[in-house]
Amino acid sequence: MSQKTALITGITGQDGAYLAQLLLSQGYHVCGLVPRRSTSEVNLVRLEWLGITKEVELVDGDLLDLSGLVRIVQRIQPDEVFNLGAQSFVKTSWDQPILTGQVSGLGAVNVLEALRLIKPDARYYQASTSEMYGLIQEPLQSEKTPFYPRSPYAAAKLYAHWMTVNYRESFDMYACSGILFNHESPLRGLEFVTRKVTDGVARIKKGLETELRLGNIDAKRDWGHARDYVKAMWLMLQQDQADDYVIATGRTTTVRDMCRIAFDYAGLNMEEHLVIDPAFFRPAEVDILLGDASKARAQLGWEAETSLEDMIKEMVEADLERLS
Ligand code: NDP
Ligand code: GDP
């Protein structure tokens, strides 16, 4: 069989890097879309961490630029497209609601349009999110649970989600939406709470800081490992029919308890260092998320493999190593 080509938007992000690694191990030619900023230097930290920078082909392009996307699709003729690019930080989305809507919402439609025009038989993956459940309508969220977005980010992602469903139904395109619950790793951005905690714990352990400032530590999340979750993305594009799937662990934990795991692992007393800072509270909160991934388990054979404890340990260790 000839080599498959995959296009990943957001290849420089957490999931993009792990997904690129997975696809390379499967023999794919991997192209990654990288938006041009003020210099031609690309943020390669995550690809470097995984040692795969030289194995991927990076192409200049932006989710906001349909004509550029059309040209890229024309040139590389991808078999599979993973749309992971986004303004993905919920808190920032209140400060930049329009940019978030353009990149995380309309950006998906730009990719879908480029495919519809140039390569309609390409398989498309949309990075949807459990944030779409927001003010939860059912205690356990599945593909059938109604959505109630609570941030500009979630509203933008919900638009992209329904447009993915719409392109599948209107144009018979193989377009899937993966509704992924929070997933983390040593490659998670520092602004997200797990990485902020593991980096903070490592700094305190090294004597570089004395306190860690957090917002709402009563919030609960269903946290999994990004390395496990990118396998689900790939599996979704290998089925007979396109469909949407919830990807989650089925366990929910408070920010407080997640934080305690990190402090305990480093041999530190959380109470001596944790400070609650109103600056990190949000205009509207998603209090609890808990996913039901039974459809993915039954149809994709997918299951979360990494426990929260093991993941937090891996993240603390990586942050200690970075500081050494
Ligand atoms: P990251 O924030 O780590 O990565 C986002 C990527 O999008 C970066 O590579 C970024 O590039 C790129 N990007 C931003 N703006 C543009 C643009 N205008 N054009 C092209 N690319 C752009 O996110 P994650 O890897 O954590 O998540 C991947 C996807 O999954 C995102 O869409 C996210 O919203 C979604 N998701 C994530 C979850 C999670 O828990 N991690 C949960 C559910 C969904 P640059 O670095 O150059 O800015
Ligand atoms: P999100 O679920 O995509 O918003 O992922 P985050 O990791 O950004 O936040 C997860 C939860 O942690 C949310 O309920 C936040 O309100 C809560 N949280 C508490 N303190 C902080 C903090 O200092 N930073 C972040 N990012 N989140 C925090």
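**Ligand shells and domains**

Two elements, α7 (193-205) and β8 (212-214), each contribute at least two residues to the shell around ligand 2, where helices (H or I, at least four residues) and strands (E, at least two) are DSSP runs numbered from the N terminus. This is a predicted model, in which local features need pLDDT of at least 70 and side-chain atom pairs count only at pLDDT 80 or more, while totals for chains, interfaces and linings use all residues. Residues are numbered from 1 along each chain as its sequence is written, chains are lettered from A and ligands numbered from 1 in the order in which they are written, and side-chain values use heavy atoms, with hydrogens and water left out.

The shell around ligand 2 holds 18 residues, of which K196, G215, R221, R282 and E285 come nearest; a residue is near a molecule or strand if one of its heavy atoms lies within 4 Å of it. By class, this shell has eight nonpolar, three polar and seven charged residues, with Ala, Val, Leu, Ile, Met, Phe, Trp, Tyr, Cys and Pro counted as nonpolar, Asp, Glu, Lys and Arg as charged, and the others, Gly among them, as polar. Both domain 1 (5-183 + 224-247) and domain 2 (189-221 + 251-289 + 306-323) supply at least three residues to the shell around ligand 2, the bounds coming from an automatic or database domain assignment.

Among the polar contacts of ligand 2 (pairs of N or O atoms within 3.5 Å), an oxygen atom of the ligand is 2.5 Å from an N or O atom in the side chain of R282, and an oxygen atom is 2.7 Å from such an atom in the side chain of K196. A polar backbone atom of V193 is 2.9 Å from an oxygen atom of ligand 2. Taken alone, ligand 2 exposes 530 Å², and the protein buries 97% of that, accessible areas coming from the Shrake-Rupley method with a 1.4 Å probe.

Ligand 1 is surrounded by 24 residues, the closest being T12, D15, S88, Y153 and K157, and its shell comprises nine nonpolar, 10 polar and five charged residues. A nitrogen atom of ligand 1 is 3.0 Å from a polar backbone atom of L63, and a polar side-chain atom of R188 lies 3.0 Å from a nitrogen atom of the ligand. Of the 900 Å² of accessible area that ligand 1 has on its own, the protein covers 88%. The elements giving two or more residues to this shell are α1 (14-25), β5 (123-129) and α6 (152-171), and β5 provides the largest share, three residues.

How far apart do the C-alpha centres of domain 1 and domain 2 lie? The separation is 27 Å, and the contact (heavy atoms within 4.5 Å) takes 20 residues from domain 1 and 19 residues from domain 2. Domain 1 and domain 2 bury about 1,800 Å² between them, 59% of it on carbon and sulfur atoms, where buried area is the accessible area (1.4 Å probe) that two parts lose on being put together, summed over both.

Terms used
A polar contact is a pair of N or O atoms within 3.5 Å; within protein, one must be able to donate a hydrogen and the other to accept it, and residues adjacent in sequence count only if both atoms are side-chain atoms.
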